Amino acid sequence: MVVEDDTGMTDQGPAVIPALSFDGERVSVLVGGSVTARRFTVGGAGVVIGPAGMVIITEASDAPARSGVWSAEEVRLIGPAPAPVTERLMGSPWGVDESSLPIHIAVRLGEEVLYLGTAQVSQAGTSDGVLTDCKLRLEAPLSRELLNRVRPPLPPVDLPGLGWLRHVNGDRAAALEQFVTGWYPAAGATESPSCSPSRLPGGLRQLYRLAQQRPGALGTQNSILPEPDLHTDHLGEMLVFGVENQGGFFWSLLWTLDGPEADPTVWFREFDEEPIAEQEPLSGFLIQFSLFEASMGADY
């Protein structure tokens, strides 16, 4: 329950507090004094660090690229973060570990601040010692009412239709085209070198054509290699066209000097293991790949 009286705020329960009172008094109490408190901005969020704790104040928004409330249980801090924030959240490399101090979460709502309680770091990423992103799990999950206040829902949008499904067992080229053009917005044509069309199966040629205006169609987690990056394996027998994001495995087609099969078998191979045939030929594999990548690459 939201406590409307600012005198009712606790470290664990939500409370609505006038912004001036929160900024001027409450933050000082939560971090252990205003004299030694240090203030930073990380991904649009205000971060205050003191000897007794940390306060993270985000804006009420639904923008994935900015710090804010992600779900009823999670808050995300989007970096890069300065060294003091990185050290407080991840622990100091010099042995003075302050990462166990409480982390207080609040959201600014115009002239008011909604205090959500405390959170703990659940996952963090760094690059060259700099905090790039941090997931914080709230001690007490938010109700739907509170979540809608701190992460206002977007107005309804026209979602891609499901008409492509009727073609999956008949015209898979039509199914792939309708899904890709419905899911990925056009980003403008791009110029890229092209392999000889006669050397590639129709499914790959179609995907490359779609990707000229919709580069995301080639994947965001795993990826279909751009045409100029296609290559044969070390034996010169298989054409490698898809790779796992960490290089752990790849997908390939049998490479011959003859014309390509209309719908060839896709081979999965992990490191130096024997290749394994995918259950679906290229036409079905590309649909499965596109569905997986769309789910992995979606904002939420």
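Is R209 buried, partly exposed or exposed? R209 has 44% relative accessibility and therefore counts as partly exposed; buried means under 20% relative accessible area, exposed over 50%, and partly exposed in between, with a 1.4 Å probe and protein chains only. The points below set this residue beside the rest of the structure.

1. Basis of the note. This is a predicted model, in which local features need pLDDT of at least 70 and side-chain atom pairs count only at pLDDT 80 or more, while totals for chains, interfaces and linings use all residues. Residues are numbered from 1 along each chain as its sequence is written, and side-chain values use heavy atoms, with hydrogens and water left out.

2. Overall make-up. The protein has six helices and 15 strands. Helices (H or I, at least four residues) and strands (E, at least two) are DSSP runs numbered from the N terminus. Of the 300 residues, 37% are buried. Among contacts between residues at least 6 apart in sequence, 51% join residues at least 24 apart; contact means heavy atoms within 4.5 Å.

3. The largest nonpolar core. In soluble globular proteins, nonpolar side chains tend to be buried together. A nonpolar core is here a set of buried Ala, Val, Leu, Ile, Met, Phe, Trp, Tyr and Cys residues joined through side-chain atoms within 4.5 Å. The largest one holds 30 residues, and L204, I224, F241 and F285 touch the most other members. At least two residues each come from α4 (172–183), α5 (202–211), β12 (238–243), β13 (249–254) and α6 (282–297). Helix α6 gives the most, with six residues.

4. I224 and the second core. With neighbours within four places in sequence left aside, I224 is in contact with L204, L207, Y208, L218, F241, G242, F285, L286 and F289. A second, separate core has 28 residues, including V42, I49, L131 and L142.

5. Side chains of opposite charge can pair when their charged atoms come close. A salt bridge is a side-chain nitrogen of Lys or Arg within 4 Å of a carboxyl oxygen of Asp or Glu, and the count comes to six. R209 forms one of them with E177, at 2.8 Å from N to O. This pair links distant parts of the chain, with R209 in helix α5 and E177 in helix α4, 32 residues apart. E177 is partly exposed, at 28% relative accessible area. Another bridge joins the side chains of R172 and E280, also given as 2.8 Å from N to O. R172 lies in helix α4 and E280 in strand β15 (residues 276–281), so this pair ties together parts that are 108 residues apart in sequence. E280 counts as partly exposed, with 25% relative accessibility.

6. The bridge between E73 and R137. These two side chains meet in a salt bridge at 2.7 Å, N to O. E73 is in the loop between β5 (68–69) and β6 (74–78), and R137 is in strand β9 (residues 130–138), so parts 64 residues apart in sequence are tied together. E73 is partly exposed at 36% relative accessible area, and R137 is partly exposed at 40%.

7. Aromatic rings. Rings of Phe, Tyr and Trp (its six-membered ring) pair if their centres lie within 6.5 Å; planes under 30 degrees apart count as stacked, over 60 as edge-to-face and the rest as tilted. There are eight aromatic pairs by this rule. F179 and W183 form a stacked pair, with 6.1 Å centre to centre and 15° between the planes. The two are four residues apart in helix α4, so about one helical turn separates them. F179 is buried at 11% relative accessibility, whereas W183 is partly exposed at 36%. Elsewhere, ring pairs link F241, F249, W251, F268, F285 and F289 into a cluster.

8. S67 and its surroundings. S67 is in the loop between β4 (53–59) and β5, and at 3% relative accessibility it counts as buried. Not counting residues up to four places away in sequence, S67 touches V42, G43, A45, T58, R76, L77 and I78. A45 is 22 residues from S67 in sequence and 5.8 Å away in space, C-alpha to C-alpha. The side chain of S67 has a polar atom 2.9 Å from the backbone oxygen of V42, and the S67 side chain also reaches the backbone nitrogen of I78 at 2.9 Å.

How values were computed: A polar contact is a pair of N or O atoms within 3.5 Å; within protein, one must be able to donate a hydrogen and the other to accept it, and residues adjacent in sequence count only if both atoms are side-chain atoms.
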